[in-house]
Amino acid sequence: LLEGLTGQHLSVSDRVTFLDTCGIQSSTPLSANVGVATSTEASGATFAWLVNSMTASGGLYRLCWCSGSHVCSIQEQFRTDFGTFTLIGPRPNLQHRTCISGHTCRLDGLLGTHLSQSDSFMALETCGLRANIPRFQDFSVSGVFTNATSGFFVTWGPVPNTAAGGLYRLCWCAKGVFACS
């Protein structure tokens, strides 16, 4: 939610998004990352994202505006840069790691923007759909730990993981923002 944005002739049909560079095609998916003006008043406009969670990588982005007099359906139409936007989370989203069945699981070198020791990670088949992976030792872990030389790491403790081999997702949840359970 972005509140109190001021400008000339703002309307409820205006849109905002965040991009690496305003008006330039980027890898940030536009469809889920467009904020819709929910109100415009003398004190400023309010824009809200109509999704439950962002899927872009954490990082520092530019806030970009598109006039409601345009379609605002492609990134190139969001040309007006009006500030910075920090999205907290893993960066990049695709960070491949391997755990071996029969061994303890520790994932090193995780990168992100403002990750916290109170965040949580879960090993799931699909992020957002909580379904336990059979025999994955305590499939959720709270705590992101800092290692000055290699980024962050998470561990599922000293008990060996005995889950079947497969491709699973490492899902992140910001503590205090969402119910991470």
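Analyst: Let us begin with burial. A residue is called buried when its relative accessible area is under 20%, exposed when the value is over 50%, and partly exposed in between. The model shown here is predicted. In this model, Cys 105 has a relative accessibility of 2% and therefore counts as buried.

User: Is Cys 99 buried or partly exposed?

Analyst: Cys 99 has a relative accessible area of 30%, so it is partly exposed. Cys 99 and Cys 105 are joined by a disulfide, with an S to S distance of 1.7 Å.

User: What share of the residues in the protein chain is buried?

Analyst: Of the 181 residues, 39% are buried. The accessible surface of the chain comes to about 10400 Å², and carbon and sulfur atoms account for 55% of that area.

User: What handedness does the disulfide of Cys 66 and Cys 72 have?

Analyst: The torsion about its S-S bond is about -90°, so this disulfide is left-handed. The S to S distance between Cys 66 and Cys 72 is 2.1 Å. Cys 66 is buried, with a relative accessibility of 1%, and Cys 72 is buried at 8%.

User: Where does Cys 72 lie, and what is its phi?

Analyst: Cys 72 is found in the loop between strand 5 (59–66) and strand 6 (80–87). Its phi is near 60°, which is a positive value in a residue other than glycine. His 114 also has a positive phi, of about 55°, although it is not a glycine. His 114 lies in the loop between strand 9 (112–113) and strand 10 (120–124). With a relative accessibility of 55%, His 114 counts as exposed.

User: How many helices and how many strands does the protein chain have?

Analyst: The chain has zero helices and 14 strands.

User: In what order do the strands of the open sheet lie?

Analyst: In general, strands of a sheet pair through backbone hydrogen bonds, either parallel or antiparallel. Here, six strands form an open sheet in the order 1-4-3-2-5-6, with antiparallel pairing. Strand 1 (2–5) and strand 6 are the edge strands, and each of them pairs on one side only. On average, neighbouring strands of this sheet are turned by 30° against each other, direction ignored. Within the sheet, strand 3 (residues 34–41) pairs with strand 4 (residues 44–49) over six bridges. For example, Gly 35 has Trp 49 in strand 4 as its bridge partner.

User: How many salt bridges does a search of the whole structure find, and what is the criterion?

Analyst: The criterion is a side-chain nitrogen of Lys or Arg within 4 Å of a carboxyl oxygen of Asp or Glu. The search finds two salt bridges. In one of them, the closest N and O atoms of Arg 62 and Asp 81 are 2.9 Å apart. Arg 62 belongs to strand 5 and Asp 81 to strand 6, so the pair ties together parts that are 19 residues apart in sequence. Arg 62 is partly exposed at 27%, as is Asp 81 at 38%. Arg 106 and Asp 108 also form a salt bridge, with their closest N and O atoms 2.7 Å apart. Both of these residues are partly exposed, Arg 106 at 41% and Asp 108 at 35%.

User: What distance separates the C-alpha atoms of Leu 124 and Tyr 168?

Analyst: The two C-alpha atoms are separated by 5.7 Å, while the residues are 44 apart along the chain. Leu 124 lies in strand 10 and is buried, with a relative accessible area of 3%. For the chain as a whole, among contacts between residues at least 6 apart in sequence, 63% join residues at least 24 apart.

Note on methods
Residues numbered from 1 in each chain as written. Predicted model: local features only at pLDDT ≥ 70, side-chain atom pairs only at ≥ 80, totals over all residues. Heavy atoms only, no water. Helix = DSSP H or I, 4+ residues; strand = E, 2+ residues; numbered from the N terminus. Buried < 20%, exposed > 50% of the residue type's maximum accessible area, 1.4 Å probe, protein only. Pairing = 2+ DSSP bridges. Axes fitted to C-alpha atoms, helices over the stretch in contact; angles between N-to-C directions. Contact = heavy atoms within 4.5 Å. Areas by Shrake-Rupley, 256 points an atom, 1.4 Å probe, with all protein chains shown as cover. Disulfide = S-S within 2.5 Å.
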